[in-house]
Amino acid sequence: MTPLPIPILATRHRRDWLIALAAGFCTVLLTAWLFGHRLQRDVQQQARESAQLSQEAIDRLLDDVNATLRQVEPLIALPCQELRARLGPVVAHNPYVRAVGVVHGQHLHCLSTFGRVAIDLPGAAPQLQQVELQLNKDPLAGAGLINLDVRRQLPGGVSMLASLDMRLLQPFLRRVVLNKLQEYGLVIDGQMFLRDRLAPTQPAVDALSVSVASARYPFGVFGQTEQAELWEYLLREEQLKLPLFLLAGALAGIVTYLALRRWRSLNGRLEQALRNQEFLPYYQPLIDSRSGRCVGAEVLMRWQPPGGALIPPDRFIPQLEENGQIAAATTLLMRQVAADLAGLSLPPDFHLSINISPCQLTDPALAADCRLLQDAVAANQGQIVLELTERVALESTGVTQETLQRLRDQGVKIAIDDFGTGHSSLAYLTELKVDYLKIDRRFVSTIRDDVPSAVLDAIIALGRQLNLVTVAEGVENERQLAYLRTRRVSLLQGYLYARPMDYPAFGRYLADHTEQPAQSEPAFSYH
């Protein structure tokens, strides 16, 4: 591989900056939107709390008016002139009450202010001992003044009425919202008093509205803010926070750029590792569960930088898969494994498994690379097994099926690695016509003293029903070994036997563990 030319590097550098700028711009927009959304929610909550304060204040005012009506109830039988004289001092003590009167049926016939009158009231009389509220234009004062009439029904069709000047109630309906004084409306029986007039109770178009109803009296407090005012307030507040939004965008852009550079840097290091053949094969023995002999090995990729520590696969294999270098790395690994096996004395029916990514099934060179390994184990009737990893989902296309058929015709076996995790599924077992089923270590780790593991047993039973060779990973103690042997799992690997090792160490291990131990059971047949 040759280094990338300068123009390509410059193009990538500009692309990274553009991506970072886009990330920063999107962060500014997202932060501003989230702030505006939260601010609008806070404004609505503030408006609702303000409406509730107005409702509670009017509740207290009506409590006083109701107490005044109770106080004058014993006077209703007096003649109007005497009643007027007795009501005057009572009304004077409540600054919000303009007049108190007596109503027979729906006819107001005596007022504390004018004495005898004859006024028909709209609507129906309230229920006994109930308080009714009505918004009415003052029939006597004129000039369009609005009264709030409070009626309390008594026995005998008589009711007491207190008339309140709505102009005096306006302070109860003013609250600070959006950092400015806002008007609230008093809603009674389908009518709303707003400022100095009766208004419709439906909210205006494009308005933020809130309403709070009283639990003790038949009224509610309604408020609304025009969207234009709301947007003006939001923009004003967001302008104050603009430096913070820009700072968040700048940080997001810098982080994105540094992440891209790190990603580019790792890609560059991986390209250099491929050129220098720094990816090495490590071998983990496969043990026949019945005989206890080493009958094969799984090849695992490790990265050995010059003068550095060994890098585990989870640190670089996902990147190789993402940038499309996994096929080249696997080819180099297979060639090195073929060279290693040429110097070893392999036992009969030696099993050699190697991991491949599902994306490599579209690589036409895969079959030729497998041929190299087959030639290395041919003298011992060895078997090559390709383990499909679960990190990337496999798309069953015509190309992948053609590659799989070519491999089968060539005698290569297929295994599903880490079955039950990641992207592996039951569909793989039928679509890919696999030969081996590898049980992930997390299921093996569920084995406890004489306690059946339902999921593990189900996987083993599935493999037996489909006539597949089962391989258990992560075997670490004798309890797990006994459990798996009892259930006739074919092959085992794990730290109970050996950790992954380099070629010289594997050669020594193989020499010491290929002889069948005395009094062992016959090995399983894998063909």
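The model is predicted: local features need pLDDT of at least 70, side-chain atom pairs count only at pLDDT 80 or more, and totals for chains, interfaces and linings use all residues. Residues are numbered from 1 along each chain as its sequence is written, and side-chain values use heavy atoms, with hydrogens and water left out. Helices (H or I, at least four residues) and strands (E, at least two) are DSSP runs, numbered from the N terminus.

Helix α7 (residues 366-377) has 12 residues, and its first and last C-alpha atoms are 17 Å apart, close to the 16 Å expected at 1.5 Å a residue. The expected span is 1.5 Å times one less than the number of residues. Buried in α7 are Leu366, Ala367, Asp369, Cys370, Leu373, Gln374 and Val377. They lie on the same side of α7, because they cover an arc of only 160° around the axis. The arc is that of the directions from the helix axis to the C-beta atoms. Buried means under 20% relative accessible area, exposed over 50%, and partly exposed in between (1.4 Å probe, protein chains only).

## Confidence and overall content

The protein has a mean pLDDT of 81, with 83% of its residues at 70 or more; pLDDT is the predictor's confidence in each residue, from 0 to 100. Residues 1-9 have pLDDT below 50, and beyond near neighbours in sequence this stretch has five contacts in the model. Confidence is lowest in strand β7 (residues 174-177), at a mean of 63, and highest in strand β20 (residues 491-492), at 96. Where pLDDT is low, the predicted coordinates should not be read in detail.

The protein has 13 helices and 20 strands. Of its 527 residues, 46% are buried. Among contacts between residues at least 6 apart in sequence, 64% join residues at least 24 apart.

## The open sheet

Six strands form an open sheet in the order β3-β2-β1-β6-β5-β4, with antiparallel pairing. Two strands pair if DSSP finds at least two bridges between them. β3 (115-120) and β4 (131-137) are the edge strands, each pairing on one side only. On average, neighbouring strands of this sheet are turned by 30° against each other, direction ignored. Helix α2 (residues 80-92) packs on the sheet and touches β1 (97-104), β2 (107-111) and β3; its direction makes about 145° with that of β1. Axes are lines fitted to C-alpha atoms, for helices over the stretch in contact, and angles run from 0 to 180 degrees between N-to-C directions.

Four bridges join β1 and β2 in the antiparallel sense, and valine 103 has leucine 108 of β2 as its bridge partner. The hairpin of β1 and β2 has two residues between the strands, and glycine 105 takes a positive phi near 65° there. β2 and β3 are also antiparallel, over four bridges, and form a hairpin with three residues between them. Leucine 108 has isoleucine 119 as its bridge partner in β3.

## Valine 90 in helix α2

Valine 90 belongs to helix α2 and is buried, with a relative accessible area of 15%. Apart from neighbours within four places in sequence, valine 90 is in contact with Thr68, Gln71 and Val72. Threonine 68 is 22 residues away from valine 90 in sequence, and the C-alpha to C-alpha distance is 7.5 Å.

## The barrel

Eight strands close into a barrel with mixed pairing, in the order β13-β14-β15-β16-β17-β18-β19-β20. Strand β13 (residues 279-288) and strand β14 (residues 294-303) run antiparallel and are joined by nine bridges; leucine 280 stands opposite arginine 302 in β14. α6 packs on the sheet, touching β13, β14, β15 and β16, and its direction makes about 60° with that of β13.

## Helix α11

The end C-alpha atoms of helix α11 (residues 454-465) are 16 Å apart, which agrees with the 16 Å that its 12 residues should span at 1.5 Å a residue. Leu456, Ile459, Ile460 and Gly463 are the buried residues of α11. Their arc around the axis is only 95°, so they are on the same side of α11. Ala454 and Gln465, on the other side, are exposed.

The buried residues of α11 pack against β17 (413-419), β18 (436-439), α10 (441-444), β19 (469-472) and α12 (478-486). Asparagine 467, which follows α11, has a positive phi near 60°.

Conventions. Contact = heavy atoms within 4.5 Å.
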